[in-house]
Amino acid sequence: MQIKARTWFLVGFAAVITTLFIYRYPLMNLGFVHLFSCSHRVLSEVSSLDARYVATVSERNCGAVTPYTRVVSIRRRGSPFDGEDDRTWVFVMKDQPTIQVRWSGQRRLNVGSEGYSRTSREQAS
């Protein structure tokens, strides 16, 4: 029994549509999250005491399916800020707490969170 090419085309098309429907969220995540990088908004910057380094507090937003994160990164003065360069990250905190940084020595950075007391249980609700 010979099946016509049109029937095979319709069966294949239906299989592709079904696959896309079933896996739409993972495929969207792979496609959109990796095509469009996360946005980074600089909240504050502080120079080290010897002016060789800059500590940056930024907010990272990767879209509706991921939580906001606050990131503290350190880079050499004169280097451009690159929020995607995770080699410069020294502190990461989920959500949107107020984070303050202060240099207490040439190579010592103090990081603090003020007014943020939500526990893991409270964050989950």
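Buried here means under 20% relative accessible area, with exposed over 50% and partly exposed in between (1.4 Å probe, protein chains only). This is a predicted model, where local features need pLDDT of at least 70, side-chain atom pairs count only at pLDDT 80 or more, and totals for chains, interfaces and linings use all residues. Numbering runs from 1 along each chain as its sequence is written, and side-chain values use heavy atoms, leaving out hydrogens and water.

View 1. Eight of the nine residues of E2 are buried, so the strand is largely enclosed by the rest of the structure.

**View 2. E2 and its two pairing partners.** Pairing takes at least two DSSP bridges between two strands. Strand E1 (residues 39-47) runs antiparallel to E2 over eight bridges, with Ser 39 opposite Asn 61.

**View 3. The largest nonpolar core.** Such a core is a set of buried Ala, Val, Leu, Ile, Met, Phe, Trp, Tyr and Cys residues joined through side-chain atoms within 4.5 Å. This one has eight residues, including Tyr 53, Trp 103 and Leu 109. E2 and strand E5 (98-105) are the elements that each give two or more of them.

**View 4. Around Val 101.** Contact means heavy atoms within 4.5 Å. Setting aside neighbours within four places in sequence, Val 101 touches Val 46, Ala 55, Val 57, Val 72, Leu 109, Asn 110 and Val 111.

Conventions: Helices (H or I, at least four residues) and strands (E, at least two) are DSSP runs, numbered from the N terminus.
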